[in-house]
Amino acid sequence: MSLYQPLSDRLRPQTLEEYVGQKHLLGPNRALSRMFDSGKLHSMVFWGPPGTGKTTLARLIAKHSDLQFISLSAVLDGVKDVRAAVEQARLHREQFKQGTLLFVDEVHRFNKAQQDAFLPFVEDGTFVFIGATTENPSFELNNALLSRARVYVLRSLDESELAEVLERGVGMLSDDLEASAGSCLKVEEEAKSLFLQAADGDARRLLNLLEQAVDFAEPDEEETGLLVLSAEHCKEVVQGGLRRFDKGGEAFYDQISALHKSVRGSDPNAALYWLVRMLDGGVDPRYLARRLIRMASEEIGNADSRALQLTINAAEAYERLGSPEGDLALAQAATYLAVAPKSNAAYMAYNAALADVKEHGSYEVPLHLRNAPTKLMSELDYGKGYRYAHDEPEAFAAGECYFPEEMAERDYYQPVDRGLEIKISAKMEHLRQLNANAIYKRRS
């Protein structure tokens with residue numbers, strides 16, 4: 001009995017001409033094409049989502065360059081395996097006068113020490129290094145390693161490229177059926193569309209879904225020997241599948257950023273799209289609820305004080321209802337934040353105050369602002385001279401100072417000319433005038 005081999009593995013391209021996608025790297029006069037033409041191979045890092053052909057491209061580079069191909073996985077292998085690969089590369093060069101390409105999948109999962117282990121052998125030419133990662137190399141890889149390798153970004157396959165992969169997969173499965181049962185396979189156009197949509201730019205996912213769905217294919221009622229894969233059969237394996245969403249990686253932060261910027265940019269439709277996109281991708285709705293609460297303070301602030309309460313209510317509603325019912329409350333909050341008047345005045349004021357605190361340290365609280373719950377504290381002048389604001393006109397102690405004695409008064413909070421902050425600004429200007437008049441009278 002032959003061992004099972006996934007369709008995605010059997011369909012792996014054997015030549016660069018068969019490779020699908022990444023035309024921005026492999027097209028005429030593009031970076032990797034120029035590398036092949038020049039014959040000058042260098043170490044590199046492939047950064048891109050799953051199913052974009054990182055491993056396949058590394059294999060093809062090794063084959064095209066007549067190099068031994070050694071593959072490691074940072075998930076399964078460690079420094080011991082790296083050393084074994086180095087020794088294998090040295091022996092191969094001595095015995096066969098052939099170089100080696102060392103491919104490390106999920107290279108971002110190696111720690112600093114493990115990544116450092118490659119450096120001497122990259123530099124002395126023991127092997128050409130290619131690492132593959134779904135994470136941003138700027139954050140996950142050592143600068144020393146990055147300085148010795150060029151980073152190439154691999155993109156998700158577009159619909160036409162996925163369609164090409166799908167046709168190849170259908171052809172191979174049809175050949176399998178013909179060889180085993182004398183049948184051939186037909187995939188209806190609506191089913192193809194569902195496959196392409198569910199693949200979400202991932203060729204491996206596309207072929208896995210197709211291979212699973214073939215088990216549901218049924219004989220055609222009119223044509224003998226023909227198995228038909230319909231949209232209904234396709235749904236058997238596609239329904240319930242989540243779109244690609246790396247909960248701790250680059251896609252996660254990119255989409256959070258897109259949601260936040262859509263709210264800031266007052267686009268409720270885009271905000272709703274990114275929110276739903278993330279929910280559909282499997283993000284924790286509670287995390288989204290926390291981010292919406294943050295946006296209410298950072299982007300709207302006192303321009304619409306209802307925004308903060310509404311987002312808190314949305315988070316509570318989700319806790320009570322769960323998904324999918326509670327998702328609607330988050331959608332309501334996101335759209336409200338997007339159309340609300342915007343102010344980052346509170347956010348900017350907080351940052352300015354924080355900078356002062358870090359710069360000036362722990363100034364003493366002025367005596368007149370301290371409580372005096374004991375006789376000793378009163379004898380030490382705690383609270384002496386404090387003016388109770390409610391006993392003064394407009395409940396405002398005009399001319400009073402509440403900052404440490406070593407600091408000049410600050411104007412951190414600068415309301416914007418939008419929403420409720422228009423009224424807040426007017427009130428603050430009125431209080432400034434009262435302060436100014438009180439100080440003027442005191443000096444006179």
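Student: Is Ser230 buried or exposed in this structure?
Tutor: In this predicted model, Ser230 lies in the loop between β8 and α13. Leaving aside its neighbours within four places in sequence, Ser230 is in contact with Glu188 and Ala191. The cut-off for a buried residue is a relative accessible area under 20%, and because Ser230 has a relative accessible area of 13%, Ser230 counts as buried.

Student: Which residues does Leu229 touch, not counting residues up to four places away in sequence?
Tutor: Leu229 belongs to the largest nonpolar core, which has 32 residues, and is one of those that touch the most other members. With residues up to four places away in sequence not counted, the residues that Leu229 touches are Leu185, Lys186, Val187, Glu188, Ala191, Phe195, Leu210, Ala213, Val214 and Ala217.

Student: Which elements each supply at least two residues of the largest nonpolar core?
Tutor: Among the residues of this core that touch the most other members are Leu185, Val187, Phe195, Leu206 and Leu210. Apart from this core lies another one, of 29 residues, among them Met278, Leu288, Ala315 and Ala338. For the largest core, the elements that each supply at least two residues are α10 (159-181), β6 (184-187), α11 (189-199), α12 (203-213), β8 (226-229) and α13 (231-238).

Student: Which element of the protein has the lowest mean pLDDT?
Tutor: The mean pLDDT of the protein is 88, and 95% of its residues reach 70 or more. Where pLDDT is low, the predicted coordinates should not be read in detail. Among the elements of the protein, helix α18 (residues 327-339) has the highest mean pLDDT, at 96, whereas the lowest, at 82, belongs to α13.

Student: How is the aromatic pair of Phe69 and Phe103 arranged, and what is the angle between the planes?
Tutor: A search of the whole structure finds 7 aromatic pairs, and in one of them Phe69 and Phe103 lie 6.1 Å apart, centre to centre. This pair links distant parts of the chain, with Phe69 in strand β2 (residues 68-73) and Phe103 in strand β3 (residues 100-105), 34 residues apart. Planes under 30 degrees apart count as stacked, and the pair of Phe69 and Phe103 is stacked, with an angle between the planes of 25°.

Student: Why does the ring pair of Phe403 and Tyr412 count as tilted?
Tutor: Phe403, at 21% relative accessibility, counts as partly exposed, and Tyr412, at 22%, also counts as partly exposed. The ring centres of Phe403 and Tyr412 are 6.3 Å apart. Planes under 30 degrees apart would be stacked and those over 60 edge-to-face, so the pair of Phe403 and Tyr412 is tilted because its planes stand at 55°.

Student: Which residues does Leu16 touch, leaving out those up to four places away in sequence?
Tutor: Leu16 is found in the loop between α1 (7-10) and α2 (23-26), and with a relative accessible area of 22% Leu16 is partly exposed. The C-alpha atoms of Leu16 and Leu26, 10 residues apart along the chain, are separated by 8.8 Å. Not counting residues up to four places away in sequence, Leu16 touches Phe36, Leu57, Leu60 and His64.

Student: What is the N to O distance in the salt bridge between Glu164 and Arg168?
Tutor: Side chains of opposite charge can pair when their charged atoms come close. Because Glu164 and Arg168 are 4 residues apart in helix α10, they are separated by about one helical turn. Glu164 is partly exposed at 36% relative accessibility, as is Arg168 at 29%. The side chains of Glu164 and Arg168 meet in a salt bridge with an N to O distance of 2.9 Å.

Student: What is the relative accessible area of Arg320?
Tutor: Arg320 and Glu316 both lie in helix α17 (residues 306-321), 4 residues apart, and their side chains meet in a salt bridge of 3.2 Å, N to O. Glu316 is partly exposed, with a relative accessible area of 41%. Arg320, in turn, is exposed, and its relative accessible area is 68%.

How values were computed:
Residues numbered from 1 in each chain as written. Predicted model: local features only at pLDDT ≥ 70, side-chain atom pairs only at ≥ 80, totals over all residues. Heavy atoms only, no water. Core = buried A, V, L, I, M, F, W, Y, C linked by side-chain atoms within 4.5 Å. Buried < 20%, exposed > 50% of the residue type's maximum accessible area, 1.4 Å probe, protein only. Contact = heavy atoms within 4.5 Å. pLDDT = per-residue confidence, 0-100. Phe/Tyr/Trp six-rings, centres within 6.5 Å; stacked < 30°, edge-to-face > 60°. Salt bridge = Lys/Arg side-chain N within 4 Å of Asp/Glu carboxyl O.
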